[in-house]
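Subject: Structure for your review

Dear colleague,

Please find below the structure I am handing over to you. My findings follow it.

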Amino acid sequence: SNLATPLVNDSSGITPKRSIGYMSSLKSASDVRSLAFSGDICLEDLHFSYPLRPDMEILKGLDLKLKCGTVTALVGPSGAGKSTVVQLLARFYEPTSGRITVAGEDLRSFDKSEWARVVSIVNQEPVLFSVSVGENIAYGLPDEYVSKEDVIKAAKAANVHDFIISLPQGYDTLVGERGGLLSGGQRQRVAIARALLKNAPILILDEATSALDTVSERLVQDALNVLMKGRTTLVIAHRLSTVQNANQIALCSDGKISELGTHLELLEKNGQYASLVGTQRLAFE
Ligand code: ATP
């Protein structure tokens, strides 16, 4: 077992009885947390159709292992099912068949709200609220756990502190409707600061395709590198730099993983991934 904290004390050699039926025995919050921190995530033979289109199978037996604390880049053509994988991992939908496990435990034995606490999702279009920039960073976290110092620490790590203190009211500056007073890159860094503060062990990243200027792109990329460090990360990757630095690259095509390996391994294989890199069409716009 690769668990830091064993679930059961098995030094006696006796296998303890487990309750039958995981639906009736959801794991405790601390179990969910320690499993998420220490275990691999396995997507096993996932099949999936959206409820509104039961005739159209989107995932067709997808297998993928996300090794604990490492980065997996998911690439592939538009419509291949990359966002669908993310939706199942986030538990917005349940697989039609197959399963997702964390440290060998079926995800369905985890309470959904506990799962939400151990997963951070950073999208290309982060949702900001019409409150101050500081409140946006702390958004969704219980007040009693978040100090002003922690917010500033997260903002510094996300490369957004210097910008914030240049604002008229610093951390108390209102960001406007949906964060409209900030640029795209600034909004993304605020969202990254929020994820740093949440400090969840699992990270789902939907990388932006939209062009940021070079300086902003660099600030966002550096902030993302800080955020990904040590977390089990699945990134829908559009930037070649992200893909090259990932621990493994999974090429999703037609609802399955068709190629898996490091950047160099897949280049050597000279298959679909290599031809994508050759034509610089990783984003598949
Ligand atoms: P892209 O790179 O363009 O974002 P993708 O690889 O992420 O593509 P998905 O978004 O997972 O692909 O879509 C896979 C298929 O599922 C597409 O044919 C899409 O039309 C379909 N699909 C996505 N969301 C839904 C939904 N809510 N209901 C029905 N079909 C959907």
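Which residues of helix H5 (residues 148-157) are buried? In this predicted model, they are Val151, Ala154 and Ala155. Viewed down the axis of H5, these buried residues fall within an arc of 100°, so they line one face of the helix. Their packing partners are helix H4 (133-137), helix H6 (161-165) and helix H7 (184-198). After H5 comes asparagine 159, which has a positive phi, near 65°.

Regarding the ligand, its surroundings consist of Tyr50, Leu52, Arg53, Ile58, Gly76, Ser78, Gly79, Ala80, Gly81, Lys82, Ser83 and Thr84. By class, this shell contains 6 polar, 4 nonpolar and 2 charged residues.

As to the protein chain overall, 11 helices and 10 strands are assigned. Of its 285 residues, 35% are buried. Among contacts in the chain with a separation of 6 or more, 73% join residues 24 or more positions apart.

Finally, a word on confidence. The predictor assigns the complex an ipTM of 0.96 and a pTM of 0.84. The protein chain has a mean pLDDT of 86, with 88% of its residues at 70 or more. Over residues 1-22, however, pLDDT stays under 50, and the model has 17 contacts beyond four places in sequence for this segment. Where pLDDT is low, predicted coordinates should not be read in detail.

Yours sincerely

Definitions and conventions:
Residues numbered from 1 in each chain as written. Predicted model: local features only at pLDDT ≥ 70, side-chain atom pairs only at ≥ 80, totals over all residues. Buried ≥ 20, exposed ≤ 12 C-beta atoms within 10 Å, placed from the backbone. Helix = DSSP H or I, 4+ residues; strand = E, 2+ residues; numbered from the N terminus. Arc of directions from axis to C-beta. Contact = placed C-beta atoms within 7 Å. Near = placed C-beta within 6 Å. Nonpolar A, V, L, I, M, F, W, Y, C, P; charged D, E, K, R; others polar. pLDDT = per-residue confidence, 0-100.
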